[in-house]
Amino acid sequence: MGKKKKIIELKDEVWEILEREAKADNRSLKNYIENYFENLARQLAEPSDEYITMMDDLLDRQEKGTLKTIPIDEIRKKYGISR
């Protein structure tokens, strides 16, 4: 499998957080970031078993007419969220 190099710009605060986490995990910053993105890409490539189970349950309840939903406007009003 090939590799690509990319230059990314992040805020200093983000770099500090990543450096701290890499150090806590006893890894280099480069290794920590590479590992993080590899794991994220795998998660994005395929939904987890838990997610599939949850969605199957929601679809089943929707088909049966037992799925309870709340209109988005009610949620916005409850939490004071404007459009």
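## Close-up views of surface patches and salt bridges

View 1. The model is predicted: local features need pLDDT of at least 70, side-chain atom pairs count only at pLDDT 80 or more, and totals for chains, interfaces and linings use all residues. Residues are numbered from 1 along each chain as its sequence is written, and side-chain values use heavy atoms, with hydrogens and water left out. Patches are made of residues with over 30% relative accessible area and no salt bridge; like charges are joined within 9 Å, and nonpolar side chains (Val, Leu, Ile, Met, Phe, Trp, Tyr) within 5 Å. Accessible areas come from the Shrake-Rupley method with a 1.4 Å probe, and for residues only the protein chains shown count as cover. Helices (H or I, at least four residues) are DSSP runs numbered from the N terminus. Tyr79 is exposed, at 56% relative accessibility. Buried means under 20% relative accessible area, exposed over 50%, and partly exposed in between (1.4 Å probe, protein chains only).

**View 2. Asp12, Glu13, Glu16 and Glu19 form a surface patch of negative charge.** Asp and Glu count as negative and Lys and Arg as positive, while His and the chain ends are not counted. The place of a charge is taken as CG of Asp, CD of Glu, NZ of Lys or CZ of Arg. Asp12 belongs to helix α1 (residues 12-24). With a relative accessible area of 60%, Asp12 is exposed.

**View 3. A salt bridge joins the side chains of Glu34 and Lys30 (2.6 Å, N to O).** A salt bridge is a side-chain nitrogen of Lys or Arg within 4 Å of a carboxyl oxygen of Asp or Glu. By this rule there are 6 salt bridges. Both Glu34 and Lys30 lie in helix α2 (residues 29-45), 4 residues apart, which is about one turn of the helix. Glu34 is partly exposed at 31%, whereas Lys30 is exposed at 57%.

**View 4. Asp57 and Arg61 meet in a salt bridge between their side chains (2.9 Å, N to O).** Helix α3 (residues 49-64) holds both Asp57 and Arg61, 4 residues apart. Asp57 is partly exposed at 36% relative accessibility, and Arg61 is partly exposed at 30%.

**View 5. Asp60 forms a salt bridge with Lys64, with the closest N and O atoms 3.1 Å apart.** Asp60 and Lys64 are separated by about one helical turn because they are 4 residues apart in helix α3. Asp60 is partly exposed at 32%, while Lys64 is exposed at 59%.

Notes:
Helices (H or I, at least four residues) and strands (E, at least two) are DSSP runs, numbered from the N terminus.
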